Amino acid sequence: MLESFFKLKENGTDVRTEVIAGFTTFLTMAYIVFVNPSILAKTGMDFNSVFVATCLAAALGTAIMALVANYPIALAPGMGLNAYFTYTVVLGMGVSWQVALGAVFISGVIFLCVSLFKVREAIVNAIPHSLKLAISAGVGMFLAIVALKNAGVVTGSPATLVTLGDIHAPQTLLAIFGFFLIVALEYRKVHGSIIISILAVTLISIGMGLSEFKGVFSAPPSMAPTFMQMDLMGALDVALLGVVFVLFFVDLFDTTGTLVGVSHRAGLLDKDGKLPRLKKALLADSVAITAGAVMGTSSSTAYVESAAGTSVGGRTGLTSLVVAILFLLALWFSPLAATVPAYATAPALCYVAVLMTRGLAEIEWDDLTESAPAVMTALAMPFTFSIADGIAFGFISYAVIKLLAGRYKDLSAAVLIIAALWVVKICLFPLSERSDE
């Protein structure tokens, strides 16, 4: 049955290889069940409820990817998107988490429509390659400053805005050690390096009496505190159009790039370099986004960690099906998730930042009209503490610089429209992304 459904022989694989690949992928991305609840809990959302929503959204999206698209690619609530949800939308703009979930739901519906009506290619192709790279790098830098703050490595300063924190604090030293451990294990090609680091720092922390051990296993907690709590009417406020825009575009770039990148390395692209069944793959992501918002978590996306599974032979949806099952089994580990302190997950954020900033190397540095807007995009995100502001800086600076340089042919109508929309948003709602706190 597995052979006929997933076409294992046709793809040069077998059940054993696919199962191993599934376990490998899960180990490399299981950190999200610890990290995502800890980030979203800062908005006032219930930690345990978000934990359940994270596991279920990941399981649902990955299962659809397996059974409908037949690809060895896993999905889960995305890093960067959860930080944008928490630090920019809720804590920065002062929007309630219920309204923010409504914005996530709307972005998922738009994503679904874009996927079904084949306008995704037109949108993606219209955005300059340098801005795509810069947005990814900027999100990585944003994650890095969040991680360094959570770890106590940096702290606020009235004189210099940011300064070195108390690096003698045991929590800070443990976070630094955790990052070093991840990098060393990754260099040695040890699968599950991030989860190993999180658990190692947590165990040391418990042994030192810095955090409380709350157990390992228990029945899955209730999802009631966040289930169906999204506020759609609040999310339809015109002031939140920029939020929906950012959620949609970041996920669109992230998912499309991950799907193509992982599939290319796995040899799954066709002779024209395109991904067959792309519409079905994007359907899995859009369903995961909308369902996740209903259950109580930020946007889901395809995970680049899926490359770990394809590197050991995963070639079909059976790999993803194994990952989905493992996410369901993770529901019984909520006490362990609640035991993990923030400084144990901070190293994971820093490592993800390392991966995301690699795209800067591909920017055309010899062309100032490409590199300058890209740098503005990437730097604006951490320094304004807003992913949305970084994207706005990027599109506006790209359009203006190209126009002033006389490079009109480099500008597509889409870029000009998007840049103009950001200008209008800034003029009409200059304080919409700032709270009084």
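**View 1. Helix α5 against helix α8.** Helix α5, which covers residues 81-90, packs on α8 at an angle of about 70 degrees, and the axes of the two helices are 11 Å apart. Angles of 65 to 115 degrees count as roughly perpendicular, and α5 and α8 are therefore described as roughly perpendicular to each other. On the side of α5 the contact is made by Ala83, Tyr84, Tyr87 and Thr88, while α8 brings Phe142, Leu143, Val146 and Asn150. Sorted by class, the residues of this contact are 6 nonpolar and 2 polar, with no charged residue. The crossing in which α5 passes α8 is left-handed. As in the other views, the model shown here is predicted.

**View 2. Helix α18 against helix α8.** The axes of α8 and α18 lie 7 Å apart, and the two helices pack at an angle of about 25 degrees. Because angles under 35 degrees count as roughly parallel, α8 and α18 are roughly parallel to each other. Their crossing is right-handed. Among the residues of α8 that take part are Ala134, Gly138, Met141 and Ile145, and those of α18 that they meet include Glu370, Pro373, Thr377 and Met381. The contact of α8 with α18 holds 13 nonpolar residues, 3 polar residues and 1 charged residue.

**View 3. Helix α19 against helix α8.** Helix α19, made of residues 387-404, crosses α8 at roughly 155 degrees, and the axes of the two helices come within 10 Å. Angles over 145 degrees count as roughly antiparallel, and α8 and α19 are therefore roughly antiparallel to each other. The crossing of α8 and α19 is right-handed. From α8, the residues Ser130, Leu131, Ile135, Val139 and Phe142 meet Ile387, Ile391, Gly394, Phe395 and Tyr398 of α19. This contact of α8 with α19 is made up of 8 nonpolar and 2 polar residues, and no charged residue belongs to it.

Technical notes:
Residues numbered from 1 in each chain as written. Predicted model: local features only at pLDDT ≥ 70, side-chain atom pairs only at ≥ 80, totals over all residues. Heavy atoms only, no water. Axes fitted to C-alpha atoms, helices over the stretch in contact; angles between N-to-C directions. Helix = DSSP H or I, 4+ residues; strand = E, 2+ residues; numbered from the N terminus. Left-handed = near helix turned anticlockwise from the far one by under 90°. Contact = heavy atoms within 4.5 Å. Nonpolar A, V, L, I, M, F, W, Y, C, P; charged D, E, K, R; others polar.
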